[in-house]
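Trainee: Please take a close look at the contacts between side chains for me. I would like one connected account, with the cut-offs stated.

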Amino acid sequence: QVQLVESGGGLVQAGGSLRLSCAASGRTFSNYLIGWFRQAPGKEREFVARIRWSGGSTLYADSVKGRFTISRDNAKHTVDLEMNSLKPEDTAVYYCAVRSGLSGPYDYWGQGTQVTVSS
């Protein structure tokens with residue numbers, strides 16, 4: 001089992017910044033992926049960014065590329081999402097998730113943290 005706890009959400013004005021953090025505990029996998037997803041009211045959950053725990057390769061959704069940065073701290077077992085130049089359309093509940101297998105779905109999820117960007 002992997003436990004994930006997100007923190008750092010809040011209310012910010014458009015153009016501002018927030019930093020989300022995901023703390024992972026429990027069983028660890030050297031080759032797993034940690035991703036950030038978000039779900040806005042009335043919309044489906046969408047991929048935001050992900051990082052490979054081993055090696056640190058990253059991938060971003062086009063909508064956040066150049067504005068968001070995902071990073072990891074191996075010692076603290078945390079994955080952060082630095083969000084800059086925030087837009088009202090970034091408003092959503094943000095979730096971190098782990099894919100423990102070499103392929104397939106993300107199988108562990110956090111409880112989510114609310115990000116609200118005012119115009």
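**Side-chain contacts**

Mentor: Arg-19 and Glu-82 form a salt bridge through their side chains, at 2.6 Å from N to O; the term stands for a Lys or Arg side-chain nitrogen within 4 Å of a carboxyl oxygen of Asp or Glu. The partners come from distant parts of the chain, Arg-19 from strand 3 and Glu-82 from strand 8, 63 residues apart. Strands here are DSSP runs of E with at least two residues, and helices are runs of H or I with at least four, numbered from the N terminus. Arg-19 is partly exposed, at 42% relative accessible area; buried means under 20%, exposed means over 50%, and partly exposed is in between, using a 1.4 Å probe and protein chains only.

Before going on, note that this is a predicted model, in which local features need pLDDT of at least 70, side-chain atom pairs count only at pLDDT 80 or more, and totals for chains, interfaces and linings use all residues. Residues are numbered from 1 along each chain as its sequence is written, and side-chain values use heavy atoms, with hydrogens and water left out.

A search of the whole structure gives six salt bridges. Side chains of opposite charge can pair when their charged atoms come close. Another of the salt bridges joins Glu-46 to Arg-38, again listed at 2.6 Å from N to O. Glu-46 is partly exposed at 35%, whereas Arg-38 is buried at 6%. Asp-90 has a salt bridge to Arg-67, where the closest N and O atoms are 2.8 Å apart. That pair links distant parts of the chain: Asp-90 is in the loop between strand 8 and strand 9, Arg-67 is in the loop between strand 6 (58-60) and strand 7, and 23 residues separate them. Both partners are buried, Asp-90 at 1% relative accessibility and Arg-67 at 12%. Arg-38, Glu-46, Arg-67 and Asp-90 are linked in a salt-bridge network.

The covalent link comes next. The structure holds one disulfide, a disulfide being a pair of cysteine sulfur atoms within 2.5 Å. It joins Cys-22 to Cys-96, with 2.1 Å from S to S. The torsion about this S-S bond is about 60°, so the disulfide is right-handed. Cys-22 lies in strand 3 and Cys-96 in strand 9, so the bond ties together parts 74 residues apart in sequence. Cys-22 is buried at 1% relative accessibility, and Cys-96 is buried at 0%.

Now the rings. Rings of Phe, Tyr and Trp (its six-membered ring) pair if their centres lie within 6.5 Å; planes under 30 degrees apart are stacked, over 60 are edge-to-face, and the rest are tilted. By this rule there are five aromatic pairs. In one of them, Phe-37 and Phe-47 have ring centres 5.8 Å apart and planes at 75°, so the pair is edge-to-face. Phe-37 is in strand 4 and Phe-47 in strand 5, ten residues apart. Phe-37 is buried at 10%, while Phe-47 is partly exposed at 26%. Phe-37 and Tyr-106 have ring centres 4.9 Å apart and planes at 80°, so they are edge-to-face as well. Tyr-106 sits in the loop between strand 9 and strand 10 (108-109), 69 residues from Phe-37. Tyr-106, like Phe-37, is buried. Phe-37, Phe-47, Tyr-106 and Trp-109 make up one aromatic cluster.

Trp-109 also meets a charge: the charged end of Arg-45 sits over its ring, 3.8 Å from the centre. The term requires NZ of Lys or CZ of Arg within 6 Å of the ring centre and within 35 degrees of the ring normal. Arg-45 has its charged end over the ring of Tyr-95 too, at 5.9 Å from the centre.

Last, the nonpolar contacts. A nonpolar core is a set of buried Ala, Val, Leu, Ile, Met, Phe, Trp, Tyr and Cys residues joined through side-chain atoms within 4.5 Å. The largest such core has 31 residues, and Trp-36, Leu-81, Met-83 and Tyr-94 touch the most other members. Among the elements giving two or more residues to this core are strand 3 (18-26), strand 4 (33-39), strand 8 (78-83), strand 9 (92-99) and strand 11 (113-118).
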